[in-house]
Amino acid sequence: MNLATYKLLSEEKQFEIIEKYGVLLAEREDSFYHIRLYQIEGFYTEVFCHSHFNVIVRTRCFSSPRLLGPYLKNISLDSLFGL
């Protein structure tokens, strides 16, 4: 599946795809949201869940690695260097 096809799916179908094929890569907190980053084949999707009400507010899909910046600070490279 590619990003264009995924975007054409209903929200319900998108969540089914995330659940079945999505690989959870990272999580982060931002103001009012707990955000989970998933990779699905050749693209990424973020799921924004309201921190206080625990409901999904929105999703954002993208294929550009430039948008991964907010997650990079949470990745530890210590194990690569034996620290």
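1. The model is predicted, so local features need pLDDT of at least 70 and side-chain atom pairs count only at pLDDT 80 or more, while totals for chains, interfaces and linings use all residues. Residues are numbered from 1 along each chain as its sequence is written, and side-chain values use heavy atoms, with hydrogens and water left out.

2. Three aromatic pairs are counted, where rings of Phe, Tyr and Trp (its six-membered ring) pair if their centres lie within 6.5 Å, and planes under 30 degrees apart count as stacked, over 60 as edge-to-face and the rest as tilted. One of them joins Y33 and F48 edge-to-face, at 5.9 Å centre to centre and with 85 degrees between the planes. Because Y33 lies in strand β2 (residues 33–40) and F48 in strand β3 (residues 43–50), this pair ties together parts that are 15 residues apart in sequence.

3. Y33 is partly exposed at 24% relative accessibility, whereas F48 is buried at 4%; buried means under 20% relative accessible area, exposed over 50% and partly exposed in between (1.4 Å probe, protein chains only).

4. R58 lies over the face of F48, at 3.9 Å from the ring centre, and R28 lies over the face of Y71, at 4.8 Å from the ring centre. For such a placement, NZ of Lys or CZ of Arg is within 6 Å of the ring centre and within 35 degrees of the ring normal.

5. F53, found in the loop between β3 and β4 (56–62), is exposed, with a relative accessible area of 62%.

Definitions and conventions
Helix = DSSP H or I, 4+ residues; strand = E, 2+ residues; numbered from the N terminus.
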